[in-house]
Amino acid sequence: KLSVSPEMDIMEYCRKEWRGNTEVAKRMRKGYEAVAQKFASIRRIRGDNYCAFRATLFQALSQATQLPSWLQSEDFTMLPENLLSEYDWIKQWQLKQKPGKKMGEISDEIKEYLMLLRKKWKNISEIKDPTEKQEACDKLFKNEEEEYSLYEALKFLMLNTAIKLYNDDKNGRRVPVFSWLLFARDTSSNPCQLMHNHLNHIGHSGGLEQVEMFLLAYALQYTIQVYRLYKYGTDEFITLYPNDPEEDWPVVTLITEDDRHYNIPVRMCQETML
């Protein structure tokens with residue numbers, strides 16, 4: 001099974017998927033037409049519960065020209081040890097396909113995943129030729145073992161970001177609005193609950209909820225721009241996570257028909273690039 005399918009013309013894809021004359025089909029076609037003003041092609045993302053991670057990371061790596069500063073920091077790979085020394089409950093982190101593993105070993109595994117993320121990002125960002133870069137991304141996303149290890153790293157970075165935001169709020173520092181919403185849920189009133197009830201389930205029994213898309217954006221320091229096709233004709237058609245992004249954050253673009261599954265638009269039309 002391909003994680004990221006080959007390119008297909010956006011309007012051709014739309015005609016294939018949305019033939020009927022229902023209101024929904026008409027709205028979807030209008031949405032795809034709007035996306036086609038900016039992008040020529042679409043690539044389908046494999047539809048498991050990792051698709052938001054897969055789409056975001058694939059887009060980020062495809063256009064990476066340098067290693068983000070947070071990936072360069074000395075203590076980046078020390079995160080699991082540092083967090084564990086403060087928060088004993090992280091021992092209950094669920095590793096992919098390895099439920100019930102003790103966190104002593106998990107700490108080393110997550111460290112490996114973080115190192116893999118840094119290595120892959122560095123290698124791909126150093127490739128100058130666009131075709132070669134694309135080939136390197138395609139190859140990475142065909143390697144299931146590595147791919148899922150990278151998602152584990154992303155989940156851990158989200159936990160780290162959530163802990164920071166939670167502590168900032170408790171200490172009276174300013175936090176983004178989504179952070180209040182994240183911790184206002186009955187199921188995630190603190191980072192420990194967020195881990196148990198949400199992060200541990202991502203990829204297994206659920207995907208990312210909207211408020212977690214904000215958390216992912218903050219963890220990566222990327223703006224995630226999403227064409228939400230079923231919202232065509234409203235001001236939520238193009239949604240930004242976060243909605244007040246930092247100026248210097250790079251932008252990746254995704255497409256969704258329902259806020260559950262994400263695909264990616266590729267090949268910006270010439271006029272858009274100018």
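Okay, let's start with helix 2, residues 23-36, which lies across strand 2 (39-43), strand 3 (223-228), strand 5 and strand 6. Its direction relative to strand 2 is about 120°. Keep in mind that this is a predicted model.

So what is that helix lying on? The strands belong to an open sheet of six, with mixed pairing and the order 1-2-6-5-3-4. At the edges you'll find strand 1 (8-9) and strand 4 (238-241), each pairing on one side only. A quick reminder for anyone who's been away from proteins for a while: strands of a sheet pair through backbone hydrogen bonds, and they can do it parallel or antiparallel.

We get both kinds around strand 5. On one hand, strand 3 and strand 5 pair in the parallel sense, over six bridges, and there glutamine 225 stands opposite threonine 253 in strand 5. On the other hand, strand 5 (residues 251-256) and strand 6 (residues 262-268) run antiparallel, with two bridges joining them. Over there, threonine 256 is set opposite tyrosine 262 in strand 6. The hairpin of strand 5 and strand 6 has five residues between the strands, and in it aspartate 259 takes a positive phi near 65°. As for cover, five of the six residues of strand 5 are buried, leaving this strand mostly covered.

Now, one residue I'd like you to click on: arginine 43, which lies in strand 2. Is arginine 43 buried or exposed? Buried: its relative accessibility is 7%, and the cut-off for buried is under 20%. What does its side chain pair up with, then? There's a polar contact of 2.9 Å between the side chains of arginine 43 and aspartate 138.

Phe58 takes us to helix 3, where it is one of the buried residues. This helix covers residues 51-62, twelve in total, and spans 16 Å from its first C-alpha to its last, close to the 16 Å expected at 1.5 Å a residue. And how many of its residues are buried? Twelve of the twelve, so helix 3 is largely enclosed by the rest of the structure.

Methods
Residues are numbered from 1 along each chain as its sequence is written. This is a predicted model: local features need pLDDT of at least 70, side-chain atom pairs count only at pLDDT 80 or more; totals for chains, interfaces and linings use all residues. Side-chain values use heavy atoms; hydrogens and water are left out. Two strands pair if DSSP finds at least two bridges between them. Helices (H or I, at least four residues) and strands (E, at least two) are DSSP runs, numbered from the N terminus. Contact means heavy atoms within 4.5 Å. Axes are lines fitted to C-alpha atoms, for helices over the stretch in contact, and angles run from 0 to 180 degrees between N-to-C directions. The expected span of a helix is 1.5 Å times one less than its number of residues. Buried means under 20% relative accessible area, exposed over 50%, partly exposed in between (1.4 Å probe, protein chains only). A polar contact is a pair of N or O atoms within 3.5 Å; within protein, one must be able to donate a hydrogen and the other to accept it, and residues adjacent in sequence count only if both atoms are side-chain atoms.
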